[in-house]
Every structure is written in C-alpha cells, then in structure tokens.
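Dear colleague,

Please find the structure below, handed over for your study. My notes on it follow directly after.

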Amino acid sequence: MREAELRRDFFGAHSGSSPAHGSPPTPITSLYLGGGTPSVLTPPQWEQLFEALYRLFPIASDAEVTLEANPDDLDADRLAALRQTPVNRLSIGIQSFRDQDLSWMNRAHNTAQARTCLDLAAAAGFRHVNADLIYGSPGLDDAAWMANLQQLFTANPDHISAYALTVETGTALAHFVRQGKSPNTDDEQASRQFQQMEVAMAEAGYVHYEISNFCRPGAFARHNTSYWTGEPYLGLGPAAHSFIGNHRSWNVSHNIKYVTQIEAGLLPSESEQLSPADQLNESLMTGLRTTWGVDLEALQVRFGERAFAAVASLAQPWLDGGQLALRDGHWFLTASGRFFADRIASDLFLVEEDAALVEMGSEGAAKPVLNMERTRFWECKG
Amino acid sequence: MKHIRNFCIIAHIDHGKSTLADRLLESTKTVSDRNMQAQVLDNMDLERERGITIKSHAIQMVHMHEGQQYVFNLIDTPGHVDFSYEVSRSIAACEGALLLVDATQGIQAQTISNLYLAIEHNLEIIPIVNKIDMDGAMIEEVKDQIVDLIGCKHESIIEASGKTGLGVPDIFRAIIERIPSPSGDTEAPLQALIFDSVFNSYRGVIAYFRVFNGVMKKGDWVKFVNTGNSYEADEVGVLKMDLDPRPELRAGDVGYIITGIKQSKEIKVGDTITLRSNPCEKAIEGFVDVKPMVFAGLYPIENEDYEDLRDSLEKLQLNDASLVFEPETSLALGFGFRCGFLGLLHLEIVQERLDREYEMPVITTVPNVSYVAYKRNGEKLNIHNPSDFPDPAALERVDEPYIRAQIITSPEFVGAIMKLCMDRRGTLLNQVYLTPTRVELSFDLPLAEIVFDFYDKLKSLSRGYASFDYELIDYRSGDLVKLDILLNGEKVDALSALIHRNNAEDFGRRLCKKLRELVPRQQFVIAIQAAIGAKIVARETISAMRKDVTAKCYGGDISRKRKLLEKQKKGKKRMRQIGSVEVPQQAFLAVLKMNE
C-alpha cells in the first residue's frame, strides 16, 4: 500500500500529463494480483486494498481484475467473499490432474482440489477463469497429458496457460537434475506434447494466441497481452516490474530489504532505459511469440528503413526454411517454428555495431508492432 | 679487459635463475631499491607469469673486489627448448657460466643440454646448488650429480639461496677468480657477435652484441657479415638498467648498437658485426638462419579485423624475428595468416601476446610441422599447410622432421616413458644411469609426435619427475596421410591434419568425439565424420534440437530474456558457417583440447 502511494503518479508523471496539468490520465484497464494473496488476506483487508488502489489510481470501470490463486486457496467461502471485491477473473495454478505430478512439483494441492476448484469458481459466479497446466514433465506420458487436457476441457475455463516444464538455473530442480536425482526435461517429449496440445485445443475451440496461452474467442488475458503490446504497466511489491515508454524498473526481490525501504519512504527499485535497439529486439521477441506476429510496416515506421532491412535479411533463412512466414505484411511463426521462438527471435536481433542501424521514427507516426486487431495468423490454414 | 667478466646462468625453469640475478643486481647496486621489483630481468609480463625467460637480456654490473673495480656482464638466456639457438649464441658470447641447480630438484635435461653447449664453447663452469634453505633440499645428492656430470671437485660447488642472498659473496669471488677475463685484440679488425635484438618504438631495433676483437665507435659504418647490410652506428653503449651510451666499445665488452633499423628481420641473431672500411677476415662461427618448425593458421575472430591482425603480427615481428607469416585463406575461417613458429611454446607466446598486447584474440588451426613432399613427376614441395598436401596418387613419398630427445627421469618411470615414446613412433637410442636415481634416455622421434601433448603426457606419467630436451636432426620418410573432418558432408579445411597412417583412425575418432561436445545442437541432425580421402574412418552424430523457446514471457521476464537472447546472438555472430552448420570458434581448437 505504501508503495502504491509512493507511485501514485506513475502513469501521469511519465506521460507528461499529470493530473495537476488538467488533462485526466488514461484509465488503467487491468489489475493483476499475484500468487498467495487469497489465503493471506481477510475480507476487510481486501476491502482496504481495493479502496486504496481505486483511490490512488484511475481504474476503468470495466477493468480486468485478475487474482492468482492455487486450488487449495479456493473454497466456497473464500470464493464468495472474493465475489464481493472487484476481482472478476481468477488464474488458478492447476498444473496437473494427477497426484504423482503434483507431489513431484511440490504443490500443496491434490487432484481432488484441482478438479473441484474450477467448479466452485464457476458456481461462485466467476465467468473468467484461467487454468495453468504443465507439460513435458518427467513421468507425464503423452496419454496422460491428453487426459489432463480433456479433464480441463470438461471444466470449460475461458482461458488456459500451458507451460513446458523448464529447469530454471538456480532452482532446487536444477540442483536435483545436476545431481542426477531428477531426470532432465526431454525436449522430444515437450515438442511432441506441444503439437498434440495445439490440435486438441483447436478441436476444443480454444484459440492459440501466444506460445503458452489459449482462450475462448475474445477472452484474451488483457493484462498479459499488454506486456507484449508495449503498454505501460506498474508492478507493486517485491520483485515486481514496471514499464512505461522506454523505461523499465524492478523492485528488489528481497522481502526485508523491500519493506525497510518502503517504510523509509523510498522506492527500492532499479531501472533501465531501453535503447532503440533494445526496443526493437523486444518487439521482435514478444511479437513473434503471438498469433498476431510482427507488423512490418509498423516496424519500419518505428525503427527506420535501415534497421528493417537488416532484420529482413536476418529473417530470410527462416522464411526460406519455412519456420517463419510472411503474410499481409506480417511475420509470424509457423507450426514448425513456434517451438524455436527464442532461437529465431535471437537471430533477428540487432546487436553490437548493428544496433546503430536503428533510428527511431517520430512518436506520432508510431503504432504498436503487435496489433491485436489484426489477423490471427496461427488460425490461418495453409 | 683484465677486469671484465662475461657470464651467463644455466638453470632449469624455476630453479631460481631470475631470483639469483636479482640478488646480484642488488648487491652491486645496479638497480636502486626503488626500482627493484621481483625478477628484474624478466620484464615482459608473460615472462614473469610463466617464470621463463623468452628474450635474452644483458646487464652490466660494477663490483669492487680487493680495491679493484670489476665489470660483470650477465647475459640472461631464454629458458625453453624452442629457443635453443638463441641460447647457443648467448653462451658463445661468454667466458663463464653459473650452473644453477635446485637442491630440491636435481639436474634436469634442459640444464644438461645447455651445460653441454657451454662446455663445447669452453666456458668455465661455476656450479651452484641453490635453494639450500628449502625443506627437501638434497644438497649432497645434488652435489654428487654435479660432480658426476662435469667432473669438478666437490668443494668447488657453491651453496646458495637466491631468496636469502646466502652464498652471493662466494659467487662474486668465484666469478672473479675462476672465470677468465676476455681475450681479444683491440688492434684487430672489429669482430662482434650479435646474441639478441629488441625493438624499441622510439629507437628502432637495438642489437645486443659481444665484441671479440677490435673497437666499435659511435659514428662508425658497420657491416653485418651474413646479411651483408651496412649501417651507421648512431649510438653504441652498455646495458645498465637503461641504455648507457659510450663513445666506443672494445674487445671483451658487451653492449648495444642502434642504427636506425626499423625491422628486426634485418638483424639476425648469430651474425657478426665488423667495420665496412676494415672488415674482419671471417664471420664468427655458428651462425644459422633459424627456420620455423611448427606452422598454424591464425585467423581474426571477426573477419573485418584481418588488416588489424596483419598490423599486429608485423609489430610482433619487429621484436620477434623468428616469427614468420604469410596470408592464407580458409573456406571455414576466411582470411588469415599461416604463421611459422620455433615450437609450440613459441606459438602459445605469440597467441598470448597478440591477445594481451594488441587486444587481438585469434583462432588457431591445428598446428603442424613442416613436411617435404616428393611428387612422382620429380617436383619437391615444402608443406606448411595440410591443404597443400598433394593428391596421394601423385605422391612419391613424404619426409618429416625428426628430433633427438633427451629425457632424464628416475628409474621407476622408465617403463612408462619408453611406452609413450614407442607409441609416438620413437626409437630408443641409449639409456644411461647418470646416478643410481637418475636415468638419461635418448630417443629419435618424429617432431610431429611431440607437437601436441607429448610434454604434458610426459609430465603426468612421471609425476613431474622427467625433464625433456631435444634437437632437430634430419628428415625421414613416413607414411603420412591427410585426415579431413566433414560436417554434414562439408569439408572443414581448418580442421584437416597431416598424420601418420597408423594413428589416423584413433585421432579421427577422438577429434569427432571432441567436436560433438563443442558444436551446439541445431534444428537438424549433424553428422561429424573423419575421412582419409574418400574413406570415412570415424563418425559422431549430434541429434537435432527440438525446442528453443521460453515457457513464460511476462512483465518480469522480458528484460532478462532479451538480454539472454542478445548474448546468444553475439555468440552466434562469432560462429563460422560450414555449409548449413554453425560452428563456434572453440571447435576449431578441438585438436588442442582433445585430452580435456
């Protein structure tokens, strides 16, 4: 709460139209409350939290307000209490409907809770629900993965995030893998299960709109997509990231350091200014991960002809190889390119001396390189 | 001339030569305490780090003894077998040698070969047992070794410690009393021996020499006998901590000459300096135009740095006349240079100096020795590069250089060392017990067999108790083949090697295995093959990469991910494209890393 007060001018101040100057700031269209919250806060605390947020920031009346929760956090009473708050979307860490996977992943919930929480959420009146699933994990064979998906389809959430298990360096899992106590992830399995999932999702009527995200038509996660379209966002709390214009900042992740600083009225954050090349590289990296691809005209207008020509020549081998496709002035990843999104994006990056090729166009002419109003290329046949 | 002493120090690496030299410089106040820094003579960073002397140095000290002033010229010699010719020229410039032996280690092969050189040149040898204050000093045993080796009296061996300065007065006394003063005729025509040269960016090339006969004056027109070039002596002088100009140098003196020469190539170590107007009758014996023995391609990391690499090599060559290079092209690596070196250490030194002094890191191809190929049509080719190897059908025979190696070790390691040398196509010539605990083995070996990892192998199988020295003897014919490496069917010229037929398969297998570790997975399967002509002798497969994508890319992930992908991109930009396969630069060093 303290941080929110310290940062109340975040959106206004940076855009140069602070409330003091008269013109009202653009309303905030999404709020996202991260993991662990529901079991920690009591209903009066919820009320306090939202009261403060709505008092400090201009939040649109139809804003998407998502709460992240684990299945064991969600019983009927809590769900009913949450319905009284502005929360209108739940993101639930289901991960799997099999106890063996859940215990391997060290999750607190079990299969039964994974199944019932979705029904309870629907019964409580939450129309927008996201469920997280994990594939490519040891012991999850292809049939079990399909069964997990089918089980989820019966609960009919309007959004699904499915993540390939990743061994992040520095985690306990990475340590176990190194010691040979855990099997390493099998890329072959992940790749196969990704392809199975794409088919199953389409059959069940879900739109694949980002590498790891699927939804009912129109039910895109407004909050997460804003990360990819370059909209400003404000993150509050330890380790939270904020972004506006070409400026990104992040709070320290150390809880105690964070609290001490905030108590002292200081913002415990570090920041970076994105160079023109950084912005170009990020646009490519995030755009190619989505069904909307990268708008080439927008790319040229925003980063200049020379930068575009350089990126285009880097893209050519991937276009020739069929992993990248060009249609209606957009680049997008084909089915054979999607699982190599990082490699392809990295190839297209301009770094070192090539970074100097980027010449920012005038801000007025710029439009987002990722345009959600346009064609969803991953649904196109052929 | 009566009060001049010219001497060198013969010692194995780490036996304390530079430390002892420091003590001598301190005691004679040649260097002020303020300028004293450990191991004054090794003034290249690289020399201090590796604990070896790469260039020769010379320094003059003035010492008072019984009311008489003496001039000492200490000529410091390079301490590695790659530079044995330079050592021989330094020795030829002296009348005496301090033989320094580490009391904890005993005599090593390197010491013996240099000692023999000194004895051949009739140098007076002053034996010194060093580091006598160390734990594990075997003073009497080492003295016995020395007595056996040079037949001196037990009592004539000086006990010393370079660290504490113990024995230094005895060493001074021995230098004065035992080493003869130089002989020579100041009236005879000038005859001076060049034993080294250095490049100074302000003064040009500075040659170090010893005058045997005659006088050299500033302003004289001097002639270098072997190169035939004449120059005016802009400056002559003696070597203190800095250059100390003098009007003239006379027979017996050691000093330097500056003539405005800009390229060290023009000055050959071992050449004789005389006067143009009154030349000496003959040159000093022993001059050899040293030819490089080991060749490798050096390529810039970035193709566009080719010209900068040429500049850097040219600058290095100013100071290192034994380095030769000429442009070459590789399909895999682009434009670079084929460089010739005295040996593998010399190669490493050049590589490191390029990196450190010129910020010019390079990719080095498989080093090879120089072969002579005789074709059926009578043509004779000097092969410095595997790609020049003639088609086997047109080949009559190939000759390769052989060395004679001396290895000194303790008897328990003889078996393992014999096996190593036999595996390397060696022939045992002789086995002599120097003392009951020290054996000297002599082998003839193909030079190519010791170029890679012979010395490391020798050290590890003898737990460090073997020393090694060699000299080039001749060329002998050998059954050599060209081994090629193919990536998805494309030949990688930078990885081709010339190798004996019997070793080719094993070498190919090990190289393919190493490449498998060094080449990253790509979207397709990569076949790594080793081939002799059309025949595939080894194969490894790198399976296709199936996934290269981050699961989550939200607010907190974007920056970190972008930076990671930027780093990958930078790495990729430095990769070389072989057909469709991207090959990182360290893969080209695979041969050198095969044993890791």
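How much area is buried between domain 3 of chain B and domain 5 of chain B, and what percentage of it do carbon and sulfur atoms give? The buried area is about 1100 Å², and carbon and sulfur atoms contribute 55% of it. Please bear in mind that this is a predicted model.

Domain 3 of chain B contributes 13 residues to its contact with domain 5 of chain B, which in turn contributes 12 residues.

Which residues form the salt bridge between B:Arg574 and its partner? The partner is B:Glu302, and the closest N and O atoms of the pair are 3.0 Å apart. One salt bridge is found across the interface of domain 3 of chain B and domain 5 of chain B. Between these two domains there are also nine residue pairs in polar contact, counted where both residues have pLDDT 80 or more. On the side of domain 3 of chain B that touches domain 5 of chain B, seven residues are nonpolar, five are polar and one is charged.

I turn next to the interface between the chains. Chain B places 31 residues in the contact, and chain A places 44 residues there. The area buried between chain B and chain A is about 3400 Å², with carbon and sulfur atoms giving 51% of that area. Across this interface there are 13 salt bridges. A salt bridge also joins A:Asp278 and B:Arg562, whose closest N and O atoms lie 3.7 Å apart. The interface of chain B and chain A further holds 26 residue pairs in polar contact, both residues being at pLDDT 80 or more.

Finally, there are the nonpolar cores. The largest of them has 109 residues, and A:Leu299, A:Trp331 and A:Leu348 have the most contacts inside it. A second, separate core comprises 49 residues, including B:Val294, B:Leu313, B:Cys421 and B:Ala448.

With kind regards

Note on methods: Residues are numbered from 1 along each chain as its sequence is written. Chains are lettered from A and ligands numbered from 1 in the order in which they are written. This is a predicted model: local features need pLDDT of at least 70, side-chain atom pairs count only at pLDDT 80 or more; totals for chains, interfaces and linings use all residues. Side-chain values use heavy atoms; hydrogens and water are left out. Contact means heavy atoms within 4.5 Å. Buried area is the accessible area (1.4 Å probe) that two parts lose on being put together, summed over both. A salt bridge is a side-chain nitrogen of Lys or Arg within 4 Å of a carboxyl oxygen of Asp or Glu. A polar contact is a pair of N or O atoms within 3.5 Å; within protein, one must be able to donate a hydrogen and the other to accept it, and residues adjacent in sequence count only if both atoms are side-chain atoms. Ala, Val, Leu, Ile, Met, Phe, Trp, Tyr, Cys and Pro count as nonpolar, Asp, Glu, Lys and Arg as charged, and the others, Gly among them, as polar. A nonpolar core is a set of buried Ala, Val, Leu, Ile, Met, Phe, Trp, Tyr and Cys residues joined through side-chain atoms within 4.5 Å. Buried means under 20% relative accessible area, exposed over 50%, partly exposed in between (1.4 Å probe, protein chains only).
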